[in-house]
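Okay, everyone, thanks for coming.

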Amino acid sequence: MNNNEVENRNDGSGGTLYAEIIIPLALPQTYTWLIPSQFQQSAKPGIRVEVQLRNKRYSGIIKKLIHQKPNDFQPKPILNILDDEPLLHQQQLQLWQWIAEYYMCSEGEVMQAAMPANLKLSSETILVWNDEHNEDFTNLNDKEYIVAEALSIKKELKLSKVQQLLDASYVYPVIKKLIEKDVCHVWEELKEKYKEKTETYIVLHPQYHDEEKLAALLNTSTRAPKQMELLLSYLHLIKEDGEVTQSSLLKKSNAAAAQLKGLVDKNILLAEKRSINRIRSLPKDIHIDFTLSPAQQTALNEINDSFKEKNVCLLHGATASGKTQIYIKLIEQYIQQGKQVLYMLPEIALTAQVIRRLQKHFGGYIAVYHSKFNANERVEIWNRIKNGELKVLLGARSALFLPFKDLGLIIADEEHDASYKQQDPAPRYHARDTAIYYASLFNAGGSAKVLLGSATPSVESYFNAQTKKYALVELKERYGNAVLPSIEIIDLTKIASKDRVPVSPQLKEAIDETLAQHKQVLLFQNRRGYTPYMVCNVCGWIPQCKNCDVTLTYHKAKNKMICHYCGTEYPVLYTCPQCGSHDFKQKNFGTEKLEELVVETFPAAKVARMDYDTMKGKNNHDTLIKLFEQQKINLLVGTQMIVKGLDFEHVNLVGILDADSLLYFADFRVNERAFQLMEQVSGRAGRKDDNGKVLIQVRNTHHPVLKFVKEHDYKALYDFDIQSRQFYHYPPFTRLIHFSFRHKENHIAEEAANIFTAGIKKDFEPYITGPAQPVINRLRNKYIWDLLLKLPRNSELINKCKMQAEQQIAILKFNKRYSSVDIVPDVDPV
Ligand SMILES: Nc1ncnc2c1ncn2[C@@H]1O[C@H](COP(=O)(O)OP(=O)(O)OP(=O)(O)O)[C@@H](O)[C@H]1O
Ligand SMILES: [Zn+2]
């Protein structure tokens with residue numbers, strides 16, 4: 001929207017004003033409401049308003065103001081205005097619209113994903129009393145008081161109840177104030193499952209921030225030399241690390257808890273329990289204590305040069321080449337210019353280690369943001385990004401939705417990672433690609449820049465670099481004395497069958513050797529659970545999930561058979577329901593069995609397991625990583641989770657137990673994925689010296705991808721893969737749109753898919769594959785029919801196709817027989 005519209009509205013002519021408003025629902029379009037005259041002064045794009053739709057109340061966001069009355073209907077008035085200033089900048093509204101159009105969803109769905117729960121209200125909203133509130137209600141007005149009191153007793157209230165309580169038609173402004181005053185927050189299903197980890201931090205009493213007072217203290221207190229020693233250690237540590245936990249202080253200073261207590265009692269040091277993710281008020285200064293190697297410096301210069309001409313640069317840097325250090329230097333530059341930086345990682349789990357690295361350098365300039373933070377903290381970060389106070393934000397994909405004020409740079413680290421794509425629910429957006437669009441909206445002084453970083457770039461990004469759409473900077477060597485690890489292939493077919501799985505004699509020997517040198521080992525197996533499936537030894541019957549077309553995985557610790565798709569758990573079977581035999585054979589092995597076996601084989605080693613199952617309990621990801629960093633674990637067994645981006649100093653050996661399982665997979669990205677996984681997991685070995693070693697166990701030793709991995713030759717993999725992509729019409733040569741039709745009746749799903757296909761056939765027949773049933777053709781009790789479109793990269797044609805597809809979806813939804821079919825469009829599926 002342009003400024004004129006706002007001006008016109010304020011010209012006092014008193015004309016009727018309307019607004020297009022986004023509400024957090026999957027509606028096919030945005031609707032228009034009337035802005036009554038008393039609200040006209042304050043109505044602006046980005047402001048929240050209270051509206052009613054089909055007897056429910058929502059807080060929606062004004063997308064734009066309109067002066068023409070809609071032709072076909074009389075808009076209803078909005079009920080209220082909730083904000084004094086817009087909650088977001090113009091760029092966010094543009095971003096939402098783009099995502100909705102590009103990824104075929106509604107702006108309401110984007111809003112749902114984009115905004116912290118506390119900023120979204122509807123009749124269904126449940127308010128939760130804030131347990132930490134001290135029940136001091138003096139700053140509340142009468143209405144707020146009534147609700148606060150009820151909440152303090154009931155602990156939870158549905159918004160519709162609040163409405164009755166106040167006997168007022170407009171309650172949203174009251175709720176909004178109560179949330180702002182920290183009396184309550186909005187209940188979120190997801191939130192409840194997330195237990196926040198706290199730790200005790202030690203801080204210096206603020207009065208000693210004054211250097212003279214501190215000096216005086218240090219000079220006078222000779223009576224308790226042990227305490228003084230501890231205080232000095234503290235001062236040293238805080239300078240080094242920027243923050244000090246109680247445990248690290250006691251450990252590093254070798255002091256006793258009583259000495260620390262002495263200092264705390266004297267009010268010299270303070271002990272504070274904090275969530276480890278909580279936003280800390282560290283001083284806002286930049287502290288860079290390292291220099292780049294010549295190769296890193298060259299890469300940084302090349303990146304800066306490339307940004308003069310291009311908006312996107314791909315940094316292809318080997319594992320442990322120090323990409324993160326280059327990012328740090330680059331971030332420093334942008335902060336100096338007063339710009340903001342978004343640093344994206346594909347997964348929440350990775351943010352913990354990286355924030356520890358970054359906070360040392362950027363203190364109070366930086367914060368972390370992701371969907372698992374509590375609602376109040378998310379709003380706080382939202383506001384501090386919006387007003388430009390925070391300069392650097394580290395986050396997973398949802399951080400893209402923050403209202404940056406003046407964004408200068410987005411870094412997408414591990415840009416190849418498929419987790420950048422959101423699968424469910426809509427918006428099914430790819431955060432890397434969306435970041436490139438988002439950056440282009442900050443066009444004061446050219447566009448904001450995007451740096452994609454990876455040791456194993458996606459074929460798409462590398463293609464864009466080859467075709468000069470992106471700049472390319474390569475950094476081939478590891479930092480310091482480290483070299484890329486040597487890779488050895490172990491031919492499982494040459495091993496006597498009794499020794500065959502899971503740990504071959506060669507791997508066993510290498511593990512023994514590594515442990516003897518007090519170095520660490522990572523063992524990678526891409527399946528969790530104990531045995532991926534069981535077979536009846538007599539009739540061949542295999543236990544399956546009742547809701548899904550999937551075999552069940554045996555989990556020993558739980559003593560359950562579990563469906564990895566829908567999560568349903570079944571008792572373990574001892575009798576075959578088909579033939580009555582009691583003889584089951586366990587096929588293959590998962591991480592749980594591997595861990596058990598490793599514990600038996602290496603009794604002296606401290607072993608831990610990192611996979612989806614172990615991360616749910618108290619041993620959460622960050623704790624495990626810290627234990628591993630401190631070498632309290634010698635041998636870590638895990639799935640993909642151990643692979644990604646982590647920087648461990650003492651890992652010398654990596655074992656990949658079953659490479660065949662990575663190499664055979666019906667997906668056009670199979671080679672790329674297998675290479676990325678193996679190269680990334682290898683990349684965890686020998687990061688600080690020249691002793692890294694990787695053993696890959698495999699049956700098909702002739703698979704071409706193994707050769708590329710062995711030589712760490714990404715370019716060869718790319719050249720190999722890009723040819724088949726071209727030949728079979730896959731990205732980057734085409735654009736894929738995938739449609740999935742799901743229904744509990746197989747024939748209904750099939751019919752819907754067929755009708756849809758017939759509807760778009762006239763213009764798009766050459767590009768259609770399917771409809772067909774996928775390999776797993778039923779999930780969560782619904783049958784699935786899939787359709788794939790491989791479209792030429794012609795935006796006009798693609799838009800036309802999306803439009804026709806949307807029409808067909810509308811037609812199906814209108815037909816009673818098919819209205820309950822789930823139709824899921826997925827643009828650029830991964
Ligand atoms: N210039 C430097 N000065 C000091 N230490 C450095 C420097 N460059 C790299 N390092 C150290 O080397 C290690 C590897 O660097 P880093 O983790 O940045 O690599 P990376 O390229 O991001 O690796 P990966 O792709 O595997 O995640 C880190 O522990 C880092 O602190
Ligand atoms: Zn299931």
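So, where is Asp182 found? Asp182 is in the loop between α6 (172-180) and β8 (184-186). When I say helix or strand, I mean DSSP runs numbered from the N terminus: H or I of at least four residues for helices, E of at least two for strands.

Quick housekeeping. This is a predicted model, so local features need pLDDT of at least 70 and side-chain atom pairs count only at pLDDT 80 or more, while totals for chains, interfaces and linings use all residues. Residues are numbered from 1 along each chain as its sequence is written, and chains are lettered from A and ligands numbered from 1 in the order in which they are written.

Back to Asp182: its phi is near 65 degrees, a positive value in a residue other than glycine. Asp182 counts as exposed because it has 12 C-beta neighbours inside 10 Å. The cut-offs, with C-beta atoms placed from the backbone: 20 or more other C-beta atoms within 10 Å is buried, 12 or fewer is exposed, and in between is partly exposed.

Asn267 isn't a glycine either, and it has a positive phi of about 65 degrees. You'll find Asn267 in the loop between α11 (257-265) and β10 (269-275). With 10 C-beta neighbours inside 10 Å, Asn267 counts as exposed.

Now the cis peptides. One joins Ala426 and Pro427, with omega about 0 degrees, and Pro427 sits in the loop between β15 (407-413) and α16 (431-440). Another joins Gly770 and Pro771, omega about 5 degrees; here Pro771 lies in a strand, β30 (residues 768-772).

On to the sheet. It's an open one of seven strands, with parallel pairing, in the order β13-β14-β12-β15-β16-β11-β17. Pairing here takes at least two DSSP bridges between two strands. At the edges are β13 (366-369) and β17 (471-475), each with a single partner strand, so one side of each has no neighbour in the sheet. On average, neighbouring strands are turned by 20 degrees against each other, direction ignored.

Which strand does β11 (residues 312-317) pair with over five bridges? That's β17, in the parallel sense, and His316 has Glu474 in β17 as its bridge partner. Helix α12 (residues 294-309) packs on this sheet, touching β11, β16 (449-454) and β17. Contact means C-beta atoms, placed from the backbone, within 7 Å. The direction of α12 makes about 175 degrees with that of β17; axes are lines fitted to C-alpha atoms, for helices over the stretch in contact, and angles run from 0 to 180 degrees between N-to-C directions.

Definitions and conventions
Two residues are in contact if their C-beta atoms, placed from the backbone, lie within 7 Å.
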